[in-house]
Amino acid sequence: MKEIKAIIQPGRLPKIRSALRNIKSFPGMSVNKVDGCGHHLQKPSAGVREELTDYSPKVYLYMVVPDELVEGILQIIVEVGHTGNIGDGIVWVTPVERMIRLSEQIEVLG
């Protein structure tokens, strides 16, 4: 199992969601609205007001998926999420040691 996380442009979410729903056995995802700023070079700050407004809206996707779905999901997020503009976002994958789907089973932990 892997956890896929992505920060994308808000306007790309509907197309990404639609494409992911076409994957057989897609387990679903969670989505948050976030604000972010990137590493791209910008002009020097004019003061505190500019520093506080130097963020743009983004969407944060995260999901836990079986290993065999990772590459297909990554391909969709990267291809559909890419606009070619600064601030398109990032995607990363981390291993998941264990996942329990609460709606499907009860496991005694101890």
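Q: Contact means heavy atoms within 4.5 Å, so which residues does M99 touch, not counting residues up to four places away in sequence?
A: M99 touches M1 and V64. This is a predicted model, where local features need pLDDT of at least 70, side-chain atom pairs count only at pLDDT 80 or more, and totals for chains, interfaces and linings use all residues. Residues are numbered from 1 along each chain as its sequence is written, and side-chain values use heavy atoms, with hydrogens and water left out.

Q: What makes M99 partly exposed?
A: Buried means under 20% relative accessible area, exposed means over 50%, and partly exposed is in between, using a 1.4 Å probe and protein chains only. M99 has a relative accessibility of 36%, so partly exposed is its label.

Q: Where is M99, and how far is its C-alpha atom from that of M1?
A: M99 sits in the segment after β4 (89-95).

Q: How many helices and strands does the chain have, and in what order do they come?
A: Helices are DSSP runs of H or I with at least four residues, strands are DSSP runs of E with at least two, and both are numbered from the N terminus. By that rule the chain has three helices and four strands. Start at the N terminus and you read β-α-β-α-β-α-β.

Q: How do you know that Y60 is buried?
A: The relative accessible area of Y60 is 19%, and that is why it counts as buried. Across the 110 residues of the chain, 25% get the buried label.

Q: Where does Y60 sit, and which residues does it touch?
A: Y60 belongs to strand β3 (residues 56-65). Leaving out residues up to four places away in sequence, Y60 touches K5, A6, I7, S30, V31, N32, V34 and W92. One of these, S30, is 30 residues from Y60 along the chain, with 8.2 Å between their C-alpha atoms.

Q: Why are α1 and α3 called roughly antiparallel?
A: Axes here are lines fitted to C-alpha atoms, for helices over the stretch in contact, and angles run from 0 to 180 degrees between N-to-C directions. Angles under 35 degrees count as roughly parallel, over 145 as roughly antiparallel, 65 to 115 as roughly perpendicular, and the rest as oblique. The axes of α1 (residues 13-21) and α3 (residues 70-81) cross at roughly 155 degrees and come within 9 Å, so the pair is roughly antiparallel.

Q: Which residues meet where α1 and α3 touch?
A: From α1 you have K15, I16, A19 and L20, and from α3 you have I73, I76, I77, V80 and G81. They split into seven nonpolar, one polar and one charged. In that scheme, Ala, Val, Leu, Ile, Met, Phe, Trp, Tyr, Cys and Pro are nonpolar, Asp, Glu, Lys and Arg are charged, and the others, Gly among them, are polar.

Q: What makes E79 exposed?
A: E79, in helix α3, has a relative accessible area of 55%, so it is exposed.

Q: Why is K24 called exposed?
A: K24 has a relative accessible area of 73%, so exposed is the word for it. You'll find K24 in the loop between α1 and β2 (30-36).

Q: What is the phi of S25, and is S25 exposed or buried?
A: S25 has a positive phi of about 70 degrees, although it isn't a glycine. Most residues other than glycine have a negative phi. S25 is in the loop between α1 and β2, and its relative accessibility is 56%, so it is exposed.

Technical notes:
Contact = heavy atoms within 4.5 Å.
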